Amino acid sequence: MTLEEIFSAPVFLAPMAGVTDSAFRLIVRELGGNSLMFSEMVSANGIHYRNEKTLEMLQTDAAERPIAIQIFGSNPATCAEAAKFIEDLGTAAVIDFNLGCPAPKIVKNGEGSALMKNPALVGKILSAIRQAVKIPVSAKLRLGYDENFNAVEIAKVAESAGVDFVAVHGRTRPQFYSGAANWEEIARVKAAVKIPVIANGDVRDFDSLDKILKVTGADGVMVGRAAQGNPWLIGRLLEYFRTGKKNPPPSLAERVEVMRRHFEKLIGFKGEYVGVREMRQHAAWYTKGFRGGAEFRKKFNGAESVDAVREIISSLGSVDDENFADE
């Protein structure tokens, strides 16, 4: 996949652990999200040791491609090996490297956003990955590990290493996902490098899409948490970007039907035990805005079987559109 092809549809689904698995990606695709999508982050060490659960995360359906597989790690040789392993599968359009995850268990191992404290090591890792594969390589970073912003420095390191494009989340590691994203700092990154830059942070609707592109001058945007329970968003933003058309949000009936399809895909990929439990979080997002949604979420959290979840989803179909309002 060429950069021209990638950025012809420049609204991207962000990598989100526990969210952007095959089931969710397929739903986004079905709802018009026909741009490059990013996987959950996958451990380079897990690939090295051929961990069964890690390898399962690399399995993709042809219908969800093109996809970027995101890896994380801290050893250049291991990360390069993982990238080559993924490329050899023949299913990934892009190898993305994680420099932004703020989770304590990741940072504690010197991975994710912790790597932003060590630009030299970042350069070694990205150079090793670039030399190992032929397909495009990208990196996702934050503004900095702390308030000493160094995203510009890291982006330049990535560019020098041969990375094809970067995505910048406009928050620092201590912020996690709180506070407002700093789009002005993303603009500084865009001005400092020649490779394409994707802006990430606080893109929720048509208005924020316009604003982030204007402020940052970025080549594309990445949508994360706003897509949780809202898999229509990528397709709606893409349509707006291309044509200026503001397609309306889904009706209650459409939400319920997509929730049902999403659940069936989860069960198909992960089986009853895991699928039922993972659906609880998705159901919380899908039912946000339902008047009385707290009661439905309580039911989802207590469900233990496929039939129980199906029954709860079916009962949502009896809710009137008038009750589909902010709680």
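**Reading the features**

Modeller: Let us begin with burial: F12 is buried, at a relative accessible area of 0%. Please bear in mind that the model is predicted. F7 also counts as buried because its relative accessible area, 17%, falls under the 20% limit.

Colleague: Which parts of the chain does the pair of F7 and F165 link?

Modeller: The pair links distant parts of the chain, the two residues being 158 residues apart. F7 belongs to the loop between helix 1 (3-6) and strand 1 (11-13), whereas F165 belongs to strand 6 (residues 165-172). Both F7 and F165 are buried. One aromatic cluster is formed by F7, F12, F38 and F165.

Colleague: Where do charged groups sit over rings?

Modeller: K117 lies over the face of Y145, 4.4 Å from the ring centre. Likewise, R142 places its charged end over the ring of Y177, at 5.1 Å from the centre.

Colleague: What tends to happen to nonpolar side chains in soluble globular proteins?

Modeller: They tend to be buried together. Here the largest nonpolar core has 66 residues, and the residues with the most contacts inside that core are I71, F97, L99, I129 and V166. Helix 8 (residues 151-160) gives the most to this core, contributing six residues. Another core, of 24 residues, lies apart from it and includes L31, V256, V258 and F300.

Colleague: Which residues is L99 in contact with, leaving aside neighbours within four places in sequence?

Modeller: Among them are G112, L115, M116, V122, L141 and I154.

Colleague: What is the volume of the second largest pocket, and which residues are closest to its centre?

Modeller: The second largest pocket has a volume of about 500 Å³. It is lined by 13 residues, of which E40, K53, E56, M57 and K270 are the closest to the centre. Helix 2 (22-30), helix 4 (52-57) and helix 12 (252-286) are the elements giving two or more residues to this lining. Helix 12 gives the most, with four residues.

Note on methods. Residues are numbered from 1 along each chain as its sequence is written. This is a predicted model: local features need pLDDT of at least 70, side-chain atom pairs count only at pLDDT 80 or more; totals for chains, interfaces and linings use all residues. Side-chain values use heavy atoms; hydrogens and water are left out. Buried means under 20% relative accessible area, exposed over 50%, partly exposed in between (1.4 Å probe, protein chains only). Rings of Phe, Tyr and Trp (its six-membered ring) pair if their centres lie within 6.5 Å; planes under 30 degrees apart count as stacked, over 60 as edge-to-face and the rest as tilted. A charge sits over a ring if NZ of Lys or CZ of Arg is within 6 Å of the ring centre and within 35 degrees of the ring normal. A nonpolar core is a set of buried Ala, Val, Leu, Ile, Met, Phe, Trp, Tyr and Cys residues joined through side-chain atoms within 4.5 Å. Contact means heavy atoms within 4.5 Å. On a 1 Å grid over the protein atoms alone, a cavity is a set of points where a 1.4 Å probe fits but cannot get out, and a pocket is an open set with protein on both sides within 12 Å along at least five of seven lines; lining residues have an atom within 4 Å of a point. Grid points are joined across faces, edges and corners, and a volume is the space filled by probe spheres set on the points.
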